[in-house]
Amino acid sequence: MSSHYFCTKNAVLHYLKIGTGDRIMICFHGFGQEASVFSSLASTLTKNYTLYAFDLFYHGNSKWHNCEKAISPTELSQMFEEWIEEEQIEKLSLCGYSLGGKIVLSLLEHLSTPIERVLLIAPDGIDTNFWYDLATYPYWARRLFKYTVNKPEIFFRIANGLSKIKMIDRGVIKFAKYQMNTRKKREKVYCSWLSYRKIRADIVRVSKKININGVKLTIYLGAFDRIITDKRVKPLTNRVNFYEKFILDKGHNTLIKDVSEVIDESF
């Protein structure tokens, strides 16, 4: 495993290169994690793959110049096209877990480099989410969200209220509270959500690209996951001609490790 940096005008991308397999897979982790979380998956896949696991912005050592200025899908894809050209990669596969799934779907839509296969693990970004839109799009809602970084009491009161009237699953509320229980975590939530708020893949275009190019799609979900459920991936799976889907008897937080224990070495 080796550590590397790729710099552009507005960003610094930090990534880990793991393994020496002939095929290339680019990996993106979930919120609150770092690139090293893919070491368990690499232990299974590096017979065939070299993994490039990237830190998301505001995680690890990757840096975006201003979290108030959202990165666009075009900027994101151009950034990786430049990196792909520098690395002289002709074709690749993509892997994304949770928030990283949103990045994968956007790159799948916009990259010109041929994509062989896509591995999605409890992926975010397939369906729209009212609460995410409310927190990140209207100016007044973003101001309120920023206010909670310093004064989190309002967030916890709203979360408890929504849980009591069953508008949001208690497991989701528990997950959100854990991610907001310190100022440092709240700043990470704010900057991560705001900087990636324009990364919204067009699932119709994504599914057409999968079908036309014969991209192999594999999805892993957790049966006890309250964050990303089977229902939330149907807008994609209902549109693609062929895919593999596996539902493990697990929750959300450990799914990368759980998948590494069951995925076939010949993947």
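Q: Why does Lys257 count as partly exposed?
A: Its relative accessibility is 48%. Buried means under 20% relative accessible area, exposed means over 50%, and partly exposed is in between (1.4 Å probe, protein chains only). So at 48%, Lys257 is partly exposed. Keep in mind that this is a predicted model, where local features need pLDDT of at least 70 and side-chain atom pairs count only at pLDDT 80 or more, while totals for chains, interfaces and linings use all residues. Residues are numbered from 1 along each chain as its sequence is written, and side-chain values use heavy atoms, with hydrogens and water left out.

Q: And what makes Glu261 exposed?
A: Glu261 comes out at 53% relative accessibility, so it counts as exposed.

Q: How do you know that Glu261 and Lys257 form a salt bridge?
A: The term asks for a side-chain nitrogen of Lys or Arg within 4 Å of a carboxyl oxygen of Asp or Glu. Here the closest N and O atoms are 2.7 Å apart, and the pair is a salt bridge. Both residues sit in helix α11 (residues 255–262), four residues apart, about one turn of the helix.

Q: What makes Asp124 and Arg232 a salt bridge, and what does the pair tie together?
A: Their side chains meet at 3.4 Å, N to O. Asp124 lies in the loop between β7 (115–121) and α4 (130–136), and Arg232 in the loop between β8 (216–222) and α10 (234–237), so the pair ties together parts 108 residues apart in sequence. Both Asp124 and Arg232 are buried.

Q: What about Asp230 and Lys245?
A: That salt bridge is 2.8 Å, N to O. Asp230 is in the loop between β8 and α10 and Lys245 in strand β9 (residues 244–248), so parts 15 residues apart in sequence are tied together. Asp230 is partly exposed, with a relative accessible area of 26%. Asp230, Lys234 and Lys245 are linked in a network of salt bridges.

Q: Which residues of helix α9 are buried, and how do you know where they lie around the helix?
A: In α9 (residues 203–213), the buried ones are Ile203, Val206, Ser207, Lys209 and Ile210. Seen down the axis, they fall within an arc of 160 degrees, so they line one face of the helix. That arc is taken from the directions from the helix axis to the C-beta atoms. The face turned away carries the exposed Lys208 and Ile212.

Technical notes: Helices (H or I, at least four residues) and strands (E, at least two) are DSSP runs, numbered from the N terminus.
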